[in-house]
Amino acid sequence: MKQISNKNIHPLWLRINHWTNALAVILMILSGWRIYNASPLFAFSFPKEYTLGGWLGGALQWHFAVMWLFGLNGLLYLIINIISGRFRQRFWPLSMKRLVTEFISALKGRLDHHDLRRYNMVQKCAYLLVMADGILLVLSGLVLWKSVQFAVLRELFGGYDNARLIHFCAMAFLCIFILVHLAMVLLVPKTLQLMIRGR
Ligand code: HEM
């Protein structure tokens, strides 16, 4: 397998892509919460201070503007990763056995972070899951945005209302991922330096 040098563990394109994604995700979540508040699915609303857009129309404008940044940036991430072979190198192979043992070690605070050139199995699976979650968010979002034009997709999601529920659940998963992701970064701050400087 191709070795990753210590000099450039996270290439420049990836770092720009990652921070663009972080910004886009935050803007999408905050404007999404404001849109949700206009017609809540459940018996709660998000506190106004943690929403973006001021009112429904403003929040929709933010959501529809930033969705392009989120979608295109994510597409670029997938294309470059797949074409360059990085995807395979960083996220393959997967092992259920190692996932279980490393997950238990992580819970005990004993996960090995010696070699930052490689993701451990918990990271690999978490990153793959959040990528799939991003795709689900975009696809269900397309149904909510243009449900007549994306009629086949709408039916695949089980109808408009179901697509809305799935969009909400995917957002909730994303929020949980971000909380765990940030906690891991705080526990191993060297990784933050890596994602900023590349080495
Ligand atoms: C301000 C918030 C964030 C911080 C501080 C942060 C920090 C980091 C760091 C330090 C790494 C490298 C981990 C390592 O080398 O071991 C990383 C990787 C990653 N982060 Fe974040 N992150 C943030 C937000 C996000 C968000 C919102 C998402 C997804 C929705 C995300 C998805 C990912 C993914 C998929 C990777 C792996 C990238 C790859 O190697 O291809 N991050 N993040």
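**Exercise 1.** Which of the 22 residues around the ligand come nearest?

*Before you start:* this is a predicted model, where local features need pLDDT of at least 70, side-chain atom pairs count only at pLDDT 80 or more, and totals for chains, interfaces and linings use all residues. Residues are numbered from 1 along each chain as its sequence is written, and side-chain values use heavy atoms, leaving out hydrogens and water.

*Solution.*
- Step 1: a residue is near a molecule if one of its heavy atoms lies within 4 Å of it.
- Step 2: the nearest ones are His18, Tyr77, Arg86, Tyr119 and His181.

**Exercise 2.** Find what the side chains of His18 and Arg86 do at the ligand.

*Solution.*
- Step 1: look for polar contacts (pairs of N or O atoms within 3.5 Å).
- Step 2: a polar side-chain atom of His18 sits 2.8 Å from a ligand nitrogen.
- Step 3: for Arg86, a side-chain N or O atom is 2.7 Å from an oxygen of the ligand.

**Exercise 3.** Work out how helices α4 and α5 are arranged.

*Solution.*
- Step 1: helices are DSSP runs (H or I, at least four residues), numbered from the N terminus. Here α4 covers residues 96-107 and α5 covers residues 121-145.
- Step 2: take their axes, which are lines fitted to C-alpha atoms over the stretch in contact, with angles from 0 to 180 degrees between N-to-C directions. These come within 8 Å and cross at roughly 105°.
- Step 3: so α4 is roughly perpendicular to α5 (that label covers 65 to 115 degrees).
- Step 4: check who's in contact (heavy atoms within 4.5 Å): Arg98, Leu99, Glu102 and Phe103 in α4 meet Met121, Val122 and Cys125 in α5.

Technical notes
Helices (H or I, at least four residues) and strands (E, at least two) are DSSP runs, numbered from the N terminus. Angles under 35 degrees count as roughly parallel, over 145 as roughly antiparallel, 65 to 115 as roughly perpendicular and the rest as oblique. A polar contact is a pair of N or O atoms within 3.5 Å; within protein, one must be able to donate a hydrogen and the other to accept it, and residues adjacent in sequence count only if both atoms are side-chain atoms.
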